[in-house]
Amino acid sequence: MLECVVVNIDMWDIRQEEMLCLTKCCGETLEEQDRIFRFVGLQDRKRSLMGKLLIRYVISTKFSLSPMEVTIKRDSKGKPLWACDSVQFDFNVSHHGKYVILASTDQGSVGCDVFPLRYGQDDESPVEFLELMNPCLSSTESCALKDVVGDDEVFWKLFGFIWSAKEAFLKMTGEGLIADLCVLDSFFSRLIFSGD
Ligand SMILES: CC(C)(COP(=O)(O)OP(=O)(O)OC[C@H]1O[C@@H](n2cnc3c(N)ncnc32)[C@H](O)[C@@H]1OP(=O)(O)O)[C@@H](O)C(=O)NCCC(=O)NCCS
């Protein structure tokens, strides 16, 4: 089953010292602590810490463990995984703006992405944007976007869907955005996964 937890961190009032204390108490490794505090802004640090807390919360609740008993490792590509060989469980975290999400599944692998809707955010023209992004799009995605270039709202919504689907897929495999994005077709992958 695929499950998703979404947290809005806007109301989370936490100071730097409390963050450090919480991070250590949870049993995060020095490397993971460093990842949080490498972020410069408080919001970034809060998002990253919340992601790690969510991982511990979801696993400990689901498998009746203490949050401190949950050991998280990273695979060779950097994807965080639960260091437990006896249980099939995958999760993925994404954070942006005020949102932190964690998707999880007990069947196969999962990736997720929070993507801001650009509509009404800036004056960027869809035509120029499409030219810039074209090398990262499959021909199907490029054609679908060209078809709606006259309707800004539909264009940015469709772009948001395409981009977050690509990123979520590449976070599922752990490759991240270093992969060749134009060979990945979000419509095709959606068809495959909706059929499963
Ligand atoms: C991983 C990546 C896709 C994250 O994208 P993003 O839009 O910046 O961030 P998101 O909010 O969606 O996700 C961040 C979370 O994804 C998870 N994550 C990190 N690396 C990941 C990976 N390779 N695969 C899947 N999930 C990953 C972590 O939980 C991370 O949270 P944290 O930074 O607080 O620890 C992006 O940084 C990337 O493409 N990196 C390149 C991959 C890379 O460097 N690989 C190393 C090759 S050896």
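Student: In this predicted model, which residue of β5 does leucine 2 stand opposite?

Tutor: Leucine 2 faces threonine 105 in β5.

Student: What makes β1 and β5 a pair of strands?

Tutor: Pairing requires at least two DSSP bridges between the strands. Strand β1 (residues 2-8) and strand β5 (residues 99-105) are joined by seven bridges, so they pair. The two run antiparallel.

Student: How do you know that β4 also pairs with β5?

Tutor: The criterion is again at least two bridges. Seven bridges join strand β4 (residues 90-96) to β5, so these strands pair, and they run antiparallel.

Student: What phi does glycine 97 take in the hairpin of β4 and β5?

Tutor: Glycine 97 takes a positive phi near 55°, in a hairpin with two residues between the strands.

Student: Why is methionine 133 called partly exposed?

Tutor: A buried residue needs 20 or more other C-beta atoms within 10 Å, and an exposed one has 12 or fewer. Methionine 133 has 17, so it falls in between and counts as partly exposed. Methionine 133 lies in helix α4 (residues 126-133). Its C-alpha atom is separated by 9.7 Å from that of cysteine 182, 49 residues apart along the chain.

Student: Which domains does the assignment give?

Tutor: The domain assignment gives domain 1 (2-105) and domain 2 (126-195). Their C-alpha centres lie 28 Å apart. Five residues from domain 1 and five residues from domain 2 make up the contact.

Student: What kinds of residues form the side of domain 1 that touches domain 2?

Tutor: That side has no nonpolar, two polar and three charged residues.

Technical notes
Residues numbered from 1 in each chain as written. Predicted model: local features only at pLDDT ≥ 70, side-chain atom pairs only at ≥ 80, totals over all residues. Helix = DSSP H or I, 4+ residues; strand = E, 2+ residues; numbered from the N terminus. Domains from an automatic or database assignment. Contact = placed C-beta atoms within 7 Å. Nonpolar A, V, L, I, M, F, W, Y, C, P; charged D, E, K, R; others polar.
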